[in-house]
Amino acid sequence: MNSEKKRTTLMMIERANSGESLEQMLKAIKQSRKLSQILLPKMGTMSNEVLADLAGCSRAYVYGIMGGTKHPEKDMLLRMAFVLGMSVDETQEMLQAAHRAALSSKDKRDICLIFGLVNGLDLETMDEVLLEQEQKPLSSSGKEEEKLYDLISFHLEKTKMKLEDLLPRVQCDAKTFRAIMREEEFAPRDLLLRAALVLGMELPETQAMLKIEKKPVLSVKDERDMYIMNGIANKVSPRELDAKLLEQGMETLWNHT
């Protein structure tokens, strides 16, 4: 059984265990809209970035949801529901679209959540209510862990660049890149910095990428790092940055042999 079929099967089991009838499950599959079709009208002028911050997940994760490549768990969807001020019906429809168990009047935690939705509680207040009732809060202690694959995929989509075009520009072969994306090995620091420059990443995103791969972040105490930080901030070309590094007698980011 492939991963997509397995995921769908597990979702159906979850819905069946929540007490839904066969007719309800079949109707849900037939009628459900895509998550993006439900979320976007509620977001209005809110950006994906703001939604990510308020819901406690990465920006790439939200873009994945909108693009249909991420399949959020129930609590993530519920966090978004409270952030966006959804009604009970809208929340149930969103859970249905994601093939997650609907809120049930037979479950104490779900009853608390229904109460919060009906009364327009914000996410922070909802979590306080859940804790008072000795129920698990919706918000976790931190954001969903962002993966290097998510960050790179997001910027490839943003820049409309194909992977086969990126690899030669960052001087990385396909086999090595695949191993890095599968987390079978860590990426060299300079490879990450080359990717940041080619993909037009901002400095905070570059630092986050270095942290993901457990590499030292760019530091103002390191002269070479300072030139690289300046290059990223000012969107200089790879050729221009390497020329500056070479001029200062420092190791270039690209191999020019």
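Modeller: Helices (H or I, at least four residues) and strands (E, at least two) are DSSP runs, numbered from the N terminus.

Biologist: Fine. How many helices and strands does the protein chain have?

Modeller: The protein chain has 16 helices and zero strands. This is a predicted model, where local features need pLDDT of at least 70, side-chain atom pairs count only at pLDDT 80 or more, and totals for chains, interfaces and linings use all residues. Residues are numbered from 1 along each chain as its sequence is written, and side-chain values use heavy atoms, with hydrogens and water left out.

Biologist: What share of the residues counts as buried?

Modeller: Of 257 residues in the protein chain, 44% are buried. Buried means under 20% relative accessible area, exposed means over 50%, and partly exposed is in between (1.4 Å probe, protein chains only).

Biologist: Changing topic. How many salt bridges are there?

Modeller: The count is 12 salt bridges. The rule asks for a side-chain nitrogen of Lys or Arg within 4 Å of a carboxyl oxygen of Asp or Glu.

Biologist: Show me one. What does E90 pair with?

Modeller: E90 forms a salt bridge with K42, at 3.3 Å from N to O. E90 is in helix α7 (residues 88-97) and K42 is in helix α3 (residues 35-43), so the bridge ties together parts 48 residues apart in sequence.

Biologist: Next one. Which residue meets R109?

Modeller: D75 does, in a salt bridge of 2.9 Å, N to O. R109 sits in helix α8 (residues 108-118) and D75 in helix α6 (residues 74-83), so this pair links parts that are 34 residues apart in sequence. R109 and D75 are both buried.

Biologist: What about a pair inside one helix, K244 and E247?

Modeller: Their side chains meet in a salt bridge at 4.0 Å, N to O. K244 and E247 are three residues apart in helix α16 (residues 238-247), so about one helical turn separates them. K244 is partly exposed at 35% relative accessibility, while E247 is exposed at 57%.

Biologist: Which residues are linked in a network of salt bridges?

Modeller: E49, R59 and E205. E205 is also one of the buried residues of helix α14 (residues 203-212).

Biologist: Which others are buried in α14?

Modeller: T206, Q207, M209 and L210. Their cover includes α5 (59-67), α10 (148-159), α13 (189-198) and α15 (223-233).

Biologist: What follows α14?

Modeller: K214 follows α14, with a positive phi near 60°.

Biologist: What about the phi of E134? And Q171?

Modeller: E134 is not a glycine, yet its phi is positive, about 60°. E134 lies in the loop between α9 and α10 and is exposed, at 73% relative accessible area. Q171 is not a glycine either, and its phi is positive at about 55°. Q171 is in the loop between α11 (163-170) and α12 (174-181), and is partly exposed at 35%.

Biologist: Another loop residue: where does S104 lie?

Modeller: S104 lies in the loop between α7 and α8. S104 is buried, at 16% relative accessible area. Leaving aside neighbours within four places in sequence, S104 is in contact with D110, I111 and I114.

Biologist: Last topic. Which residues gather in a patch of negative charge?

Modeller: D122, E124, E128 and E132, on the surface. Patch residues have over 30% relative accessible area and no salt bridge; like charges are joined within 9 Å, and nonpolar side chains (Val, Leu, Ile, Met, Phe, Trp, Tyr) within 5 Å. Asp and Glu count as negative, Lys and Arg as positive; His and the chain ends are not counted. The place of a charge is NZ of Lys, CZ of Arg, CG of Asp or CD of Glu.

Biologist: Where is E132?

Modeller: E132 lies in helix α9 (residues 123-132). E132 is exposed, at 62% relative accessible area.

Key:
Accessible areas come from the Shrake-Rupley method with a 1.4 Å probe; for residues, only the protein chains shown count as cover. Contact means heavy atoms within 4.5 Å.
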